[in-house]
Every structure is written in C-alpha cells, then in structure tokens.
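Subject: Structure for you to look at

Dear colleague,

Here is the structure I said I would pass on. My notes follow below it.

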Amino acid sequence: MGDLELLLPGEADSLVQQLRSFPPQEMGSEGWSQQHENLEKLNMQAILDATVSQGEPIQELLVTYGKIPALVEELIAVEMWKLKVFPVLCKLEDFKPLNTFPIYMVVHHEASLINLLETVFFHKEVCESADDTLLDLVDYCHRKLTLLVGKTSHGGPPKEEGLQDRTPMQELQNQAELMEFEISLKALSVLRYITDCVDSLSLSTLSRMLSTHNLPCLLVELLEHSPWKRQEGGKLQQFEGGRWQAVTPSEQQKLSKLEGQVWIALYNLLLSPEARARYCLTSFAKGQLLKLRAFLTDTLLDQLPNLADLKGFLAHLALVETQPSKKDLVLEQIPEIWQRLERENKGKWQAIAKHQLQHVFSPSEQDLRLQARRWAETYRLDVLEAVAPDRPRCAYCGAEASKRCSRCQKEWYCCRECQVKHWEKHGKACVLAAQGNRAK
C-alpha cells in the first residue's frame, strides 16, 4: 500500500473476509456499526492506494474473497431502509433523539458503499466478480439516475440553505437529500464502468440495460439536464470533487468529469458490437439519440476524439429507417435482491422503525462517548486530508479555509464569523468528537 496507511499489513485481508450483508432490520445494530467502520477504513485505504498508484490490494481482496455481491446486497438493503424505515422514524412524534448521529451513520452508509464500488469498479475483474448481482446493481443505478433527472427537471439540485429553526430530524432529512444527489452522481460513474465491460456482459444484463431500461435514452436526458451544473448568483457553478465550484468563463467549454462519464457510457452502449446488435432503434430512440448532435461540438471532439465515431454513427442513424419494437420471447434472469427484501419485510416497516427507535437510535450518554471514540479512531485527520480532492473548504460558506475547529479538529472555516454561524449545526457532533479525542 502507499506511504500513508490506515490499515496495518494483513488487517485489510481480515476486514474484507468479514464483510457480509445486513438486512434492513439490523441497520444500526452493534455488528452493523462495526462493519460500517470497517467499510470506511477499506474505503479510505482504497482511495489512498488509487491515489499513489502502487497497486490496489483492496480491489484485489474483494475479488479474491468474492465480496462484491455482498456489497451490492448491502447497498440495496440500506437503500430500502432509507425509503421504507427512515421516513417512518422522521414522522414519529414521540421520537426526539438527543443526538441524531447514530441515524446519520445509517443514512451515510449508502454513500460509503457506492463510493467504495466507484473506486474499485474501474477494474473489469471487479465487474465480472459481481456475478448475478450485476443485474441488481444496474437496476440500482437506473433508479438513481431516473431520480436525478426527475429532481433536476423540477427545480434543480438540492441546496444547503433552508430554515434555521429546523428540528434535528428535519436537519437530518435535509442532509439525506443532499447526500442523495452525490450518491446518484457516484452511481453514474459505476454505471459507466459497467458499460466498459459491455462486450463481456451476460445477455440478461445487456437486455436489462438496453431494452428494459433503455439507458442510452436516459443518458441523453442526463446530458440535456446536466444536474452537475447550476446558476448561482448569476454565475455558473459545477459539481466537482464533492462540492460546487465556480466556473470561470475560460473554463466553461472544458469537459467535466461527470459529463465525460456520460459520453463514454453512450459511446460504449451505442458503438460496441454486442450492444449494437441488441439495441432496438425505435423511432423514439432515434429521436432522442439524434439530440446528441447538438452537443458534439468541435471543442468537445478535441477533448474526446473518440466521439468522432459517435458523430459518424449519428449521421448514419439520421438516414436509416427505424425498427419496430422487438417482442422476442427470451428466457433471462431478473434482479432478485430488491424483490426478496421487499417480500421478506412486507408489512413490517413500522415495527422495524419502532424497534430501532427503542434499541438502536436512543443510546445512552456513555454509549455515545464510546462511539465517539471509535469514530475518532476511524476518521484519522492525516488520512482524511490525504483523500480530500482539494484543499480544505469552509463548512459554512465553502470558501478555501485555513482554520480548523479547535475542539474537534474536524471542521474547517475561513473565518470566525462562519464558525459561529455554523455552530448550531455542528455543535453536538463537535462535542461528541471532542469527547472521543480526549478518551483516546
């Protein structure tokens, strides 16, 4: 591994071997919490390894021990928890936790998992090791991108600004919505890496991507809406490196990483021999795909020269007749994780929420202090700074920051005024983290 290591030699091997999927009713439990911390360590180590380009043992271990299917199932289980259990917790009038951080960790778990998958799915052998769960992962990515397009077409990406007198649970809901946006963008990257393997995918997976979900047309909609861009105060901003950044006039024609992912995915799905043989170019699909010609400027082609082949494909497509929808009888696999979890927990979501309220999300002060110590050990400052894509940013206004919170040493600020304004939101987590640091 790299010069900076979070995990000791052999420790990653042990943590990967222990990975398993937890059902929704066990989210937040003691065993789940331990695995969440282990996943965070594996996640940060995988990013460190990829950054220093000295081999990627985390990816190799996940393939060797066949743990990618477990990660995919865990990803879908926590997604279902957020959709079925979290809203119930938010509506319970008698649930007023002193600290919402234990619930936040479950909400954040999905982001940790998709981030790890994004890091390791760059390698084709990881995609191959997903086995049948690749179908479930394709469905997951489709759900996230459909939601992203829908939200962008109804008001744009979520913003951090809001009411200052929100309850802790309302604040947590807002954080979950902001997190959902980033998760969807990570899902876009994972989907692009899956399309890199399009010529070796199973017939069922290919059919799911091209016929069931018609991903090429969905990707066209993504380009049209460009959720990674927004206008703020009359200035163009772009989501990059986990935050919104102002785009100077000279950089506005520069291809962003996320936009590049969409173009590469489209290239793979439309020009790969296997995909072209399977994709049914109906009149609707033809109309949608031809919209791409307006985006294929000389500036874009200079940055992604391979798109010249896509431009030629579209020129040919404009001249050919469309095909009627195919209705072939094909025996194929279908995703089963979501349906199985939904079937096993049907009618139990309210009971699961109330059980977790009493036994998981209402910890004592002593439990919180112990947990805070473990969080401090997991999120080491030297590692967090090493995996950060840029210099620290102010937690309140987003400007470049040079001052760290003196109590918890975790949040950064550009000035004292921003720190004071952010204290209402940061205060409780700060106190817990500081207790953890003192307990070490």
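A residue is called buried here if its relative accessible area is under 20%. By that cut-off, 51% of the 440 residues of the protein are buried. Please keep in mind that this is a predicted model.

Overall make-up

The protein has 21 helices and 5 strands. Taking the contacts between residues at least 6 apart in sequence, 76% join residues that are at least 24 apart.

The sheet

An open sheet is built from 3 strands, ordered β1-β2-β3, with antiparallel pairing. Its edge strands are β1 (229-232) and β3 (243-246), each of which pairs on one side only. On average, and ignoring direction, neighbouring strands in this sheet are turned by 40° against each other. As for what holds such an arrangement together, strands of a sheet pair through backbone hydrogen bonds, either parallel or antiparallel.

Going through the pairs in turn, β1 and β2 run antiparallel and are joined by 4 bridges. In one of these pairings, Glu 232 has Lys 235 in β2 as its bridge partner. The hairpin of β1 and β2 leaves 2 residues between the strands, and Gly 233 there takes a positive phi near 65°.

Strand β2 (residues 235-240) also pairs with β3, in the antiparallel sense and over 4 bridges. Phe 239 stands opposite Trp 244 in β3, and Gln 237 stands opposite Ala 246 in β3. These two strands form a hairpin as well, with 2 residues between them, and Gly 241 in the turn has a positive phi of about 65°.

Helices α4 and α8

Helix α4 (residues 68-84) packs against helix α8 (residues 133-152) at an angle of about 35°, and their axes are 10 Å apart. The crossing is left-handed. On the α4 side the contact is made by Pro 69, Val 72, Leu 75, Ile 76 and Glu 79, which meet Thr 133, Asp 136, Leu 137, Tyr 140, Arg 143 and Lys 144 in α8. Sorted by class, this contact has 6 nonpolar, 1 polar and 4 charged residues. On the spacing of such residues, an α-helix has 3.6 residues a turn, so residues three or four places apart point the same way.

Helix α10

Helix α10 (residues 203-212) is largely enclosed by the rest of the structure, because 7 of its 10 residues are buried. The buried residues are Ser 204, Thr 205, Leu 206, Ser 207, Arg 208, Met 209 and Leu 210. Their cover includes α8, α9 (168-195), α11 (215-225), α12 (257-271) and α13 (273-278). After α10 comes Asn 214, whose phi is positive, near 45°.

A single residue: Gln 59

Which residues does Gln 59 touch, leaving aside its neighbours within four places in sequence? They are Val 120, His 123, Glu 125 and Val 126. Gln 59 lies in helix α3 (residues 57-64). The relative accessible area of Gln 59 is 5%, so this residue counts as buried.

Regards

Methods: Residues are numbered from 1 along each chain as its sequence is written. This is a predicted model: local features need pLDDT of at least 70, side-chain atom pairs count only at pLDDT 80 or more; totals for chains, interfaces and linings use all residues. Side-chain values use heavy atoms; hydrogens and water are left out. Axes are lines fitted to C-alpha atoms, for helices over the stretch in contact, and angles run from 0 to 180 degrees between N-to-C directions. A crossing is left-handed if the near helix is turned anticlockwise from the far one by less than a right angle, and right-handed if clockwise. Contact means heavy atoms within 4.5 Å. Ala, Val, Leu, Ile, Met, Phe, Trp, Tyr, Cys and Pro count as nonpolar, Asp, Glu, Lys and Arg as charged, and the others, Gly among them, as polar. Two strands pair if DSSP finds at least two bridges between them. Buried means under 20% relative accessible area, exposed over 50%, partly exposed in between (1.4 Å probe, protein chains only).
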